[in-house]
Every structure is written in C-alpha cells, then in structure tokens.
Amino acid sequence: MRVIGSQAATVLAHPGAFALRTLKAFRANQGLLLAGAVAYYALLSIVPLLILTVIALSQLIDQSELLQTLGRYLEWLVPGQSSAIVGELANFLDHRDVIGWLLLATMLFFSSLAFTVLENAMSVIFIHRVAIRRRRFLVSALLPYCYILCLGLGLLLVTLVSGSLQAMGEESVEFLGRRWSLGGVSGVLLYLLGVAGEVFVLTSVYMVMPVGRPRLRHALIGAVTAALLWEVTRHVLVWYFATLSQVNVVYGSLTTAIVVLLSLEIAATLLLFGAQVISEYERAGRDDWAGPVLPLRTG
C-alpha cells in the first residue's frame with residue numbers, strides 16, 4: 001500500500017516530469033519502430049481475423065446485423081475505411097464455401113501474427129519484468145488464439161447489446177402530451193458502449209500481453225490514457241481525411257491500404273505509449289526512477 005501511495009504521490013507531485021520521462025523512455029525503447037512492426041502485422045492479421053470471427057458468429061447472429069455492428073466499431077480503429085473492409089468481408093462470406101482446411105489454417109496463422117509481435121513489443125517496454133521472469137513458450141504460442149476467442153465472444157456480446165440500443169432508438173417517450181424520440185439517447189449510449197469497450201480491450205491487453213500480471217489499477221491508468229489520446233486522434237483523422245487529405249490522388253488504388261496502415265500505426269503507437277505509462281508508473285517513486293533514461297541495449 002505504501003508503494004502504491006508513493007507512486008501516486010510522485011506522479012501527482014511532478015506530473016510534467018512524469019510525462020516527459022515517459023516520452024523519453026518511449027523514444028529510448030524505439031517506440032515508433034515497435035509501433036510500425038505491430039501495425040504492419042496488424043494489417044496482415046485484421047482481415048483473416050475478421051473473416052474467422054464473422055464466419056463463426058454468423059452461425060449465431062444474422063450476418064447483416066453482425067456486419068453492421070462490426071462496421072460501426074471498425075470505424076473506431078480505421079476511421080473512414082470501415083465500409084471498404086466490411087465490403088470485402090461481405091464479398092468473402094458470399095463465397096465461404098471455397099474455404100478449405102489449408103486456407104483455414106493459413107488464416108489462423110496470419111490472424112495471430114499481430115498478437116505475437118505485440119507481445120514482443122511489450123517485452124521491450126516492460127524489460128524490467130522480462131529480466132526477472134520469462135513466459136513459457138507454450139503460453140506465448142497459445143495466447144494469441146485464446147485472445148482471438150475472447151475477442152469473438154466480446155464481439156458477440158457487443159452485437160447483442162448494440163442491437164438492443166438501436167431498437168431502443170426507434171422508440172419514443174410520451175409525457176405531458178409531448179413525445180420525445182429516444183434516438184439521441186440511443187446514439188449516446190452506443191458511443192459510451194464503444195468507449196467502454198475500448199477501455200476494456202486496452203485494459204485486457206495490458207493485463208495479458210506483458211510478462212507478469214500488472215495491477216488492475218495500473219492497467220486501467222494505461223488504458224484510459226491510450227483511449228483518451230486515441231479519441232482525440234481519431235476525430236482529427238476523420239476531419240483530416242474528409243477535408244485536407246489528398247492521399248487518394250497520390251496513391252490511387254492503394255489508398256485504402258495506406259490509410260488503414262497509417263491508422264493502425266497511430267493506434268499501435270498510442271497502445272504502446274499506454275504501456276510505457278504503466279511501466280513508468282510501476283517504477284515511479286523508486287530510488288533509480290529519477291536517474292537518466294538509458295537507451296535499450298541488447299546482448
């Protein structure tokens with residue numbers, strides 16, 4: 001309890017110094033380079049992962065409703081490009097009968113790549129844990145597939161809840177001779193559901209991916225930090241692509257891939273930065289915390 005108090009006291013007493021040290025440590029750990037690797041493999045993983053998830057869940061939920069929900073929340077991850085991804089998913093689902101065991105195994109392999117690279121990137125940021133405790137190979141091998149299963153169950157739950165909220169938006173309340181539509185309330189609740197889901201997913205990533213389980217409080221601090229930064233960045237990206245961007249002129253038919261990769265890299269940067277916040281918070285208040293930030297060394 002005393003350690004937690006000293007950590008919070010250190011950060012609250014020197015918020016500027018904590019933020020500056022976090023930025024320096026993120027740079028020393030080559031955060032942008034790690035984020036680029038995570039984004040690249042996430043680009044390879046996202047379509048196979050979504051295909052497998054939608055094929056599995058379409059056995060339980062109407063396909064159109066599932067794709068509609070998926071498109072809504074993909075907009076949080078790849079602003080402005082969710083319709084293109086959902087269109088490709090729908091086209092693939094129309095020809096799902098061509099999927100063989102080899103293709104299924106290939107999609108399973110590629111859908112796990114991003115999680116494997118993310119785990120390695122987290123190991124760099126939480127190097128002070130890895131030096132003490134290492135994760136078993138079998139756990140690292142099975143972790144991505146367990147996480148994919150959990151994400152699928154989460155998507156199922158979100159689809160059911162969002163469907164109920166949309167149905168509520170079509171209703172109205174009559175009071176004192178006046179009628180008020182619940183459409184606005186439904187929209188607010190859908191937005192809050194998305195934010196809550198975003199914080200929950202980030203918290204689960206910070207709890208599972210690094211070696212050693214961090215405190216839930218620490219994971220929430222990193223998740224809220226990353227979620228708030230992403231919300232601001234996401235709205236800026238939507239505005240930029242809608243008003244100023246000329247990326248379609250420069251890249252032509254590659255526009256969708258470039259925009260998705262850029263969005264994923266920014267999201268991966270903020271995801272790893274949230275992890276860096278947790279790492280620095282864990283070490284705040286220690287005798288060596290105020291020392292210089294040393295670059296990552298291997299060998």
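This is a predicted model: local features need pLDDT of at least 70, side-chain atom pairs count only at pLDDT 80 or more; totals for chains, interfaces and linings use all residues.
Trainee: Which helix gives the most to the lining?

Mentor: That's H8, with 11 residues. Other helices take part as well: H3, H4, H6, H9, H10 and H12 are among those that each supply at least two lining residues.

Trainee: How many of the lining residues are nonpolar, polar or charged?

Mentor: Sorted by class, you get 37 nonpolar residues, eight polar ones and one charged one.

Trainee: Let me zoom out. How many helices and strands does the protein have?

Mentor: Count 12 helices and two strands. Reading from the N terminus, the order is α-α-α-α-α-α-α-α-β-β-α-α-α-α.

Trainee: What share of contacts joins residues at least 24 apart?

Mentor: Take the contacts between residues at least 6 apart in sequence; 78% of those join residues at least 24 apart. For the surface, the protein exposes about 16800 Å², with carbon and sulfur atoms supplying 68% of that area. Buried residues account for 43% of the 299 residues.

Trainee: What does Glu-231 touch?

Mentor: Leaving out residues up to four places away in sequence, Glu-231 touches Trp-76, Tyr-191 and Glu-198. There's also a polar contact of 3.0 Å between the side chains of Glu-231 and Arg-234. Then check the backbone: the oxygen of Glu-231 lies 2.7 Å from a polar side-chain atom of His-235.

Trainee: And where is His-235 placed?

Mentor: His-235 is in helix H10, and it is partly exposed at 44% relative accessible area.

Trainee: How do I read Arg-217, buried or partly exposed?

Mentor: Partly exposed, with a relative accessible area of 44%. Arg-217 is found in helix H10. Its C-alpha atom is separated by 9.4 Å from that of Thr-203, 14 residues apart along the chain.

Trainee: Back to side chains reaching a backbone oxygen. Which oxygen does the side chain of Thr-53 reach?

Mentor: The side chain of Thr-53 reaches the backbone oxygen of Leu-49, at 2.8 Å. Thr-53 lies in helix H3. With the cut-off for buried at under 20%, Thr-53 counts as buried because its relative accessibility is 13%.

Trainee: Last one, backbone angles. What is the phi of Gln-30 near?

Mentor: General idea again: most residues other than glycine have a negative phi, and most peptide bonds are trans. Gln-30 has a positive phi, near 60°. Look for Gln-30 in the loop between helix H2 and H3. At 45% relative accessibility, Gln-30 counts as partly exposed.

Note on methods: Residues are numbered from 1 along each chain as its sequence is written. Side-chain values use heavy atoms; hydrogens and water are left out. Helices (H or I, at least four residues) and strands (E, at least two) are DSSP runs, numbered from the N terminus. Buried means under 20% relative accessible area, exposed over 50%, partly exposed in between (1.4 Å probe, protein chains only). Contact means heavy atoms within 4.5 Å. Accessible areas come from the Shrake-Rupley method with a 1.4 Å probe; for residues, only the protein chains shown count as cover. Ala, Val, Leu, Ile, Met, Phe, Trp, Tyr, Cys and Pro count as nonpolar, Asp, Glu, Lys and Arg as charged, and the others, Gly among them, as polar. A polar contact is a pair of N or O atoms within 3.5 Å; within protein, one must be able to donate a hydrogen and the other to accept it, and residues adjacent in sequence count only if both atoms are side-chain atoms.
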